[in-house]
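Please read it alongside the sequence and the coordinates.

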Amino acid sequence: MGRLAGKAALITGGASGIGRAQAMRFAAEGATVVVGDLDGDAARAVAEDIGRSGGRAFAAGFDVANREAVDACVEEAVRQMGGIDILSNTAGMMDGQSNVLDTSPESWERVLSVNLSGMFIVTRAVLPHMIAAGGGVVLNIGSGASFRGGMGGIAYTSAKHGVVGFTRQLTAEYGRQGIRSVGIAPGMIDTPMVSDFMADPMLADKAANRPAGRVGTPEDVANAALFLVSDESDFIHGVTIPVDGGRLAVA
Ligand SMILES: NC(=O)c1ccc[n+]([C@@H]2O[C@H](COP(=O)([O-])OP(=O)(O)OC[C@H]3O[C@@H](n4cnc5c(N)ncnc54)[C@H](O)[C@@H]3O)[C@@H](O)[C@H]2O)c1
């Protein structure tokens, strides 16, 4: 029996990097997974990988910032799986490290929409189903930029700080109705999102998460995510836990 046997999970940003690693891991632990992503083809490829590994997964192509598309996906996911026990809000995008004057209002809107408002839109669609079923877990992916300036640009840092507040407030509002809200703040993780950094030896060395002294893997984050969405962490509510090789501890 896997640690998530019988559970149904929706993972946004599930087609790549940290989301993909969670999808693979959760499915390997017995969950049925909906791999949700802007890139529907890549989401389908992940669902097929899971199927080939003996797991059960569906794919859904949608933009987390598009309310109609999110609502339709969640309705379909509930129809296919009978409910959603676990929501992992992982979809995100960088902001080109832009400062205030280099950030257009349109770029600000989009980065906030994807990294923060999208989390609200998907959670708002899933929550009634979780509450009706007696509870569930909402995992929100933040960043080192959730706690510090200077790790992203103005829009990304503002959005990721918002993720910490969103996670706390969700617990305050719905904890008593069985909703457990938790977060992860990854450090530098080797995914396509940061491939530009990783390609530059100087930047990669600077970005290596110390004290661990290495860049993280998507699996490092998926391991923590598995614990946080499983019943083993039933008494952990409202916190965003760094998975960063110790970087924030010494920054
Ligand atoms: N990689 C890192 O070093 C790092 C560090 C801190 C935080 N994070 C966070 O981890 C999360 C996952 O990032 P990753 O590194 O795996 O990146 P990634 O680029 O590999 O994956 C992100 C996925 O999100 C999807 N996505 C983007 N916008 C979307 C939208 N509007 N709707 C639906 N899906 C969308 C992309 O298509 C992609 O598949 C993000 O929230 C990111 O901010 C990453």
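A residue is near a molecule if one of its heavy atoms lies within 4 Å of it. In this predicted model, 28 residues surround the ligand, and the closest are S16, I18, D37, Y156 and T191. Because the model is predicted, local features need pLDDT of at least 70 and side-chain atom pairs count only at pLDDT 80 or more, while totals for chains, interfaces and linings use all residues. Residues are numbered from 1 along each chain as its sequence is written, and side-chain values use heavy atoms, with hydrogens and water left out.

- An N or O atom in the side chain of T191 is 2.5 Å from an oxygen atom of the ligand.
- The protein covers 91% of the 820 Å² of accessible area that the ligand has on its own (Shrake-Rupley method, 1.4 Å probe).

**Ligand shell**
- The shell around the ligand comprises 15 nonpolar, 9 polar and 4 charged residues, where Asp, Glu, Lys and Arg count as charged, Ala, Val, Leu, Ile, Met, Phe, Trp, Tyr, Cys and Pro as nonpolar, and the others, Gly among them, as polar.
- Two or more shell residues come from each of α1 (17-28), α4 (105-133) and α5 (154-174), helices being DSSP runs of H or I with at least four residues.

Definitions and conventions
A polar contact is a pair of N or O atoms within 3.5 Å; within protein, one must be able to donate a hydrogen and the other to accept it, and residues adjacent in sequence count only if both atoms are side-chain atoms.
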